[in-house]
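Here's a quick briefing on how this model is put together. Have a look at the structure first, then read on.

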Amino acid sequence: MEVRVANVRKEFDRFPALHDVSLDIKSGELIALLGPSGSGKTTLLRLIAGLERPTRGKIFFGDEDASQRSIQERNVGFVFQHYALFRHMTVADNIGFGLKVRHGPSRPPAAEIRRRASELLDLVQLSGLERRYPAQLSGGQRQRVALARAMAIEPKVLLLDEPFGALDAQVRRELRRWLREIHDRTGHTTVFVTHDQEEALELADRVVVMSQGRIEQVGSADEIYDTPNSPFVYSFIGESSTLPVKVEDGQVWIADRPIGLSAPHAPSGEAMLYFRPHDVELLDGCSGCIAGTVAASRRVAGTRRVELEIGGERQRVEIELPVDHPAAQKSRVAFRPRRWKLFPTA
Amino acid sequence: MTIAPAKAGWRFRQPSVIPGFGLTLGFSLAYLTLIILIPLSGLVWRSAALGWADFWAIATDRRTLNALEISFGTAFIAAAVNVVFGTLVAWVLVRYRFPGRRIVDAMVDLPFALPTAVAGIALTTLYAPNGWIGHLLAPLGIKVAYTPLGIVVALVFIGLPFVVRTVQPIMEEIDKEVEEAAATLGANRFQIITRILFPGLSPAIVTGFSLAFARGVGEYGSVIFIAGNLPYKSEIAPLLIVIRLEEYNYPAATAIAAIMLLLSFSMLLVINLAQSWSRKRYG
């Protein structure tokens with residue numbers, strides 16, 4: 001089922017949580033809403049579910065305007081960060097709940113509900129735990145039950161709010177892979193919220209980066225990482241180093257020296273240079289490069305991170321060096337970013 | 001640190017590393033002994049002086065049986081009424097914000113604080129056939145004051161805060177997400193209340209019921225004003241005990257008390273066992 005969010009605005013007590021957000025989600029897509037806390041990602045998810053009503057704007061499921069429908073009628077599967085299982089019910093009763101509360105002919109007979117519950121338990125790899133109570137399960141198992149419960153109603157869209165947020169790192173990685181598999185097998189249109197960029201980039205077909213109630217960028221993991229379109233996305237996704245620079249005559253300058261980067265289309269004036277610390281070219285001589293003295297150096301796994309002091313302003317910038325690079329304290333290092341981006345300073 | 005070898009069979013659960021287990025357990029036992037156990041065993045001791053045959057005669061006396069039936073029956077009905085309306089009051093206090101909510105919240109505790117005799121007299125005045133409420137009921141043929149119905153009214157008044165105050169904190173803890181989850185699964189408001197919220201509250205409701213019931217069984221002050229105290233009809237067991245005491249018939253008084261004690265204790269024990277069983281299951 002396609003989902004279209006059209007110019008949605010949401011205010012809580014006149015405080016805007018979302019400003020005029022629009023988003024098209026394709027049928028069968030696995031999409032991540034990524035952003036720091038307070039960016040409005042959970043609000044957007046809850047609006048799609050119908051747990052909140054938009055102040056302005058509409059949400060379409062296919063061609064149908066879902067904004068007018070109640071939560072019960074929207075038929076969405078929602079998975080909460082803290083599972084929200086019914087603790088007085090067994091695992092099987094939890095999963096079957098959505099079918100049991102139906103009325104009339106749409107409600108399957110009891111045997112059919114039981115069969116579906118155990119089928120879904122097989123799918124989430126918890127076969128044989130039908131008669132357990134949620135209190136008797138581990139966190140990871142509970143979240144799988146929550147997912148099975150959401151899928152039992154054959155939802156139009158599956159919505160997951162920080163589904164792995166409360167689990168430890170090991171289980172998170174495991175469940176991530178497993179969620180991808182389930183999605184590929186069942187093909188539900190799935191939207192999940194996360195503040196973990198690794199999770200978003202690894203899992204999702206497309207990532208929606210949000211900040212302060214707005215969508216900053218929508219794209220595949222490659223697009224988001226390689227061509228970030230705003231300073232926020234550049235610094236939020238992956239690691240980044242920044243330097244204040246000046247653009248003149250299509251050249252990038254630091255203080256009074258050109259650094260060998262040409263930016264023919266950039267407007268002249270003050271700007272911020274963004275690049276990835278690992279994506280730099282080390283140089284020997286220096287005619288047109290960035291050069292600085294090593295101020296600090298630390299070993300990070302397979303590489304060495306050094307902090308350089310650049311120019312008279314002693315601007316600090318971080319780059320990555322090979323472990324065997326002879327960059328001791330106070331020595332000079334010259335480099336030029338391979339890939340970079342300029343954002344004019346407002 | 002050494003670890004004690006695990007012994008077979010029954011033993012204390014290993015207390016935590018925080019010190020004070022011995023001291024606090026010892027104090028608790030001594031305190032309970034002084035406050036509860038010694039007076040109650042005195043009661044059993046005095047009634048034992050009676051001898052089995054006499055005890056049985058008093059226990060199966062028509063008047064005793066009726067008094068016990070009225071005491072336990074009215075307390076049960078009143079507790080049941082309080083469960084329904086006390087839960088409703090708690091719901092309103094927890095879920096809705098309205099002007100005067102804090103005042104209503106404070107009012108719930110009044111039956112705790114008010115001298116029970118005052119409550120009894122006030123209720124009697126209201127429900128007597130010529131009282132504010134009583135004169136409205138009288139043409140309908142409903143007589144409240146001086147009947148077992150009046151006893152129920154008094155016990156409902158006395159027992160209300162027990163239900164509200166045990167259910168309220170549990171209700172406040174209910175996770176909003178659980179309700180939202182049920183709603184996304186298609187459950188309507190009524191189904192959410194009956195299938196999700198109510199089962200979660202039931203342990204607290206049972207506790208509230210047993211507290212209100214226990215209080216009702218022992219209530220004296222408010223009841224004797226409204227009950228009319230007709231032997232065999234509206235005479236409660238505590239009053240019968242006082243009557244026997246006034247007759248200096250101490251063995252008979254203690255015998256009735258011992259029977260009440262036994263009945264109350266076994267009922268509370270059953271309720272507690274049911275509670276701990278459900279807690280073990282649902283965590």
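In chain A of this predicted model, the C-alpha centres of domain 1 and domain 2 sit 41 Å apart. The domain assignment puts domain 1 at 3-235 and domain 2 at 239-344.

**Cores**
- The largest nonpolar core runs to 105 residues, and Ala32(A), Ile48(A), Leu159(A) and Val208(A) have the most contacts inside it.
- Zooming in on Leu159(A), its contacts beyond four places away in sequence are Leu45(A), Ile48(A), Ala49(A), Val76(A), Gly77(A), Phe78(A) and Val191(A).
- Another core, apart from that one, has 51 residues, including Val144(B), Val152(B), Leu211(B) and Phe225(B).

**Where chain B meets chain A**
- On the chain B side, 18 residues are in contact with 19 residues of chain A.
- Three helices of chain B each supply at least two residues to the side touching chain A: α9 (176-184), α10 (189-218) and α13 (250-282).
- α9(B) gives the most to that side, with 6 residues.
- Sorted by class, the side of chain B that touches chain A has 8 nonpolar, 6 polar and 4 charged residues.

**The annotated stretch of chain B**
- An unreviewed UniProt entry annotates residues 68-271 of chain B as "domain: ABC transmembrane type-1".
- That span, 68-271 of chain B, is 76% helix and 0% strand, and its end C-alpha atoms lie 20 Å apart.

Methods: Residues are numbered from 1 along each chain as its sequence is written. Chains are lettered from A and ligands numbered from 1 in the order in which they are written. This is a predicted model: local features need pLDDT of at least 70, side-chain atom pairs count only at pLDDT 80 or more; totals for chains, interfaces and linings use all residues. Two residues are in contact if their C-beta atoms, placed from the backbone, lie within 7 Å. Helices (H or I, at least four residues) and strands (E, at least two) are DSSP runs, numbered from the N terminus. Ala, Val, Leu, Ile, Met, Phe, Trp, Tyr, Cys and Pro count as nonpolar, Asp, Glu, Lys and Arg as charged, and the others, Gly among them, as polar. UniProt positions are given in the numbering used here, feature names are shortened, and annotations may be inferred rather than shown by experiment. Domain bounds come from an automatic or database domain assignment. A nonpolar core is a set of buried Ala, Val, Leu, Ile, Met, Phe, Trp, Tyr and Cys residues joined through C-beta atoms within 7 Å. A residue is buried if 20 or more other C-beta atoms lie within 10 Å of its own, exposed if 12 or fewer, and partly exposed in between; C-beta atoms are placed from the backbone.
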